[in-house]
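Subject: Handover of a structure

Dear colleague,

Please find the structure below for your own study. I would be grateful if you would read the notes after it with the structure open.

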Amino acid sequence: EQLKVFETTLRDMSRAANPNKPKKTQIEIEADVAAKKQEADRERIKRCIITLGDENKKVVSQIRGAVQLLQDDVELHGELMSTVLIDCAKCLPIKLGIYAAWCAKMAEKHPKWAANMVSCAMEELRARVQDGSVASTQLLLRFIVFLANTGVLGVVAVLDLLLQVISVCQSMQLSRRGDFPVFMALASLPFLSPEAYRQGREKVDSLIAAACKHAANREAAWKSTLRIFKSKDSFDRLEELLRSVKQLSKQGWSLQVVLHVPGFQPSALGINGMPEIPLGIAAEDFQESCARFQVPLMSVSLLTSESSSGMALADRWVLEDYLLLVVEMFAQDIEECSKQILRIPVLHYDFEAITVEILFSQLLRLPTPVRLPLFYCRVLEACAEKQSTMRKLIQEAFQSLFCKLSDMDEDCIDVLAEAFACHLAGNGYQADWSIFVAEDANVQVLRFAQRALERLQRLSEHQNMMARLPQAMRIHAPPEPLPASGLQVVSKPQFGRLINLVRLKDSNAEKVLRYCKWLMHAEEAVGVQELKDEQEDEPHPKRQKIEIEEEFGERPSQPMGFEEVADLVVSVMLQQGHKTPTHMAKILDGHDQVLHKLKPSKEEDASSYEKAVARSVLEFWKAAGQRLEITFDSLIQRKVISPQVVAETALCHGSLKADAMPLWNVVGNAARKSLERSQAAHADLAIAKKLQKEDVLLQKCQAELECAIQANARLFLSIFTSLVNAYEDAERDAALRNILLCRIVSVGRKYLAEIRPLIKDAESRIPHVGRNPDIAAVFKLLNTL
């Protein structure tokens, strides 16, 4: 009644605002009411399916209630119910058994709907297998296994489907994509119920045998480049899964962490009328369409161990799988992600410790974590807010990692330093500092402390950080990030004149450019002709000179070179814009054309000019790494200097040590910018082809792409050459040599997809690699990835 009154009021208000608007007919009104009711029904159906099983208690009664609530909607909204159910199966890994049990109950009254739903699920599975979608394929296969557990599908048919999946790789034993089918099929086995296993034991054994055959022919030398700890061998998730299912087979197939809804029994043939479920994908089609799949390593043990933990191998594998899938599906919402993690239905005294270990392992995952380090820090903190006992475990995990720094990969050390800085900033600088202030603290621990505080300084103002740090830690803190003082360029008389021309407000780029040309004795560009045109009578040459000298001052007796002028202009711009990045951006917005127009046209001279610009930036911000990175990023974005020049100058500049964090950040940013250009060129070419643009435009896009690819090749060749040369120069410094080898590994594995040809032919394309056995071995190892 209230709704009718409200609708009547709205109509009256609308009619009062527009009295000439024609009234709706009774048929139109009834159609609107029906549409609103249908939309309300659709929302009710979605909400009912999505929230099914959210309460951990009384799952069976929830399933019965959902069946009673939705059984009358099948005729009108059956397709919507199937779509929502399949979407939930692809996104909610913990509730797949509950959804399968609900389908079994629905199939008793609506077998045609259940058959149609199975057909839709299989179509979606085939599409996800072909495009290589790991998470969706994994969850859909798992959902189909649960349908066998609840008797909807036959156990034999489902296991035959898994055998078809695993057979896809039999003709791809040496293929780069060979692990995907085996992993997908094998990852579904732990979710078989004990009764379903007994009914299909022979086929399960066949699956395990096929996986063992694949593993025997599989090369896993690449694992050593992805280990968090150098000396500790690690199983990848496929190897650990194979070990787990073998153990399950011996123990009667019983897992504590997989929820099987009581009251449902599998059958060999399933419900009558269910469709056949062949995979229907040839190995050739899969190989051509699927992206490469890299099996991740298992999480490292920081708080538990296999000997001390009471959790079985298979249970731990499933728990880790649950957590990885939950993080992937809920990564856009930290709060919900933490709730879903704590809702994982595992009752074990090591659940919290293992969860912390898995999240830390994902944080340190190589070659790069799936998400930013800040994401994992926030997830850990959100979990600790809801489960206070996890806070102590997080502290213990940090301390465990600090004790193993000397054995840790360089990239992992960098990421851990960033994570620890985020942890300190979010917890009021509260931490156990004992390992850093101990008298016997080793070099690696002190080095880590410096890196962590460098990153902490980026999250907090310097004076505030120094005031809140313990006294013993302040010696490891970086200096205040200030611009360099006492630079030689400041003492030049032209610096004082130019600093009055380069202004934050009311910028006059043309005047600055004319002054620069005046210093270079470029008469044709100093504005003499413009002065002539502005005057009615042609002035005397001496008068011209006097007027120009009054404007710019006395010209130097010897012309200044373009590198010297570049150093002068950039130093003045940095001085005027050093207060904040916003000030610097405004200066560049007003004067970047000066830097563009001063660049020589010859390629060699242009390269020297860009290097002079880069050196000036490095000198000015050598004590402020973050501002250094921001300034280089702005100059690359405005195409003042190229990423290659930035990387070369940073790696060869004497003011930065080879182990300095800003150096590697600058090099990494340059590589990322260069790759972004090639990716944008790829996208432009694809769009042009799709829209069937003219041949001229296609040729232009193709040329831009080839140019970007060549620029990438030159950039990474330059990076590797600089690292190899630095390795040879550090003949007497074993520690630095080890760091440089680690950096070569880091660059190679991080950008391997884009630079594989260079890695493959490293000995012939990168100077001096062949005569250094250690470096050659590194490139050989990278080729196994």
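This is a predicted model: local features need pLDDT of at least 70, side-chain atom pairs count only at pLDDT 80 or more; totals for chains, interfaces and linings use all residues.

Residues are numbered from 1 along each chain as its sequence is written, and side-chain values use heavy atoms, with hydrogens and water left out.

Aromatic rings

Rings of Phe, Tyr and Trp (its six-membered ring) pair if their centres lie within 6.5 Å; planes under 30 degrees apart count as stacked, over 60 as edge-to-face and the rest as tilted. The count by this rule is 20 aromatic pairs. In one of them, the ring centres of Phe375 and Tyr376 are 5.2 Å apart and the planes stand at 80°, so this pair is edge-to-face. Phe375 counts as buried at 10% relative accessibility, and Tyr376 counts as buried at 3% (buried means under 20% relative accessible area, exposed over 50%, partly exposed in between, with a 1.4 Å probe and protein chains only).

Phe420 and Trp433 are also edge-to-face, because their ring centres are 6.1 Å apart and their planes lie at 70°. This pair links distant parts of the chain, 13 residues apart: Phe420 belongs to helix α19 (residues 410-426), and Trp433 to the loop between α19 and α20 (434-437). Helices are DSSP runs (H or I, at least four residues), numbered from the N terminus. Both Phe420 and Trp433 are buried, and they belong to one aromatic cluster that includes Phe360 and Phe448.

Charges over rings

A charge sits over a ring if NZ of Lys or CZ of Arg is within 6 Å of the ring centre and within 35 degrees of the ring normal. Arg237 lies over the face of Trp317, 4.3 Å from the ring centre. The charged end of Arg243 is over the ring of Phe235, at 4.4 Å from its centre.

Nonpolar cores

A nonpolar core is a set of buried Ala, Val, Leu, Ile, Met, Phe, Trp, Tyr and Cys residues joined through side-chain atoms within 4.5 Å. Which residues touch the most other members of the largest nonpolar core? Among its 250 residues, they are Trp102 and Leu189.

A helix pair

The axes (lines fitted to C-alpha atoms, for helices over the stretch in contact, with angles from 0 to 180 degrees between N-to-C directions) of α19 and helix α34 (residues 734-750) come within 9 Å and cross at roughly 85°.

Key. Helices (H or I, at least four residues) and strands (E, at least two) are DSSP runs, numbered from the N terminus.
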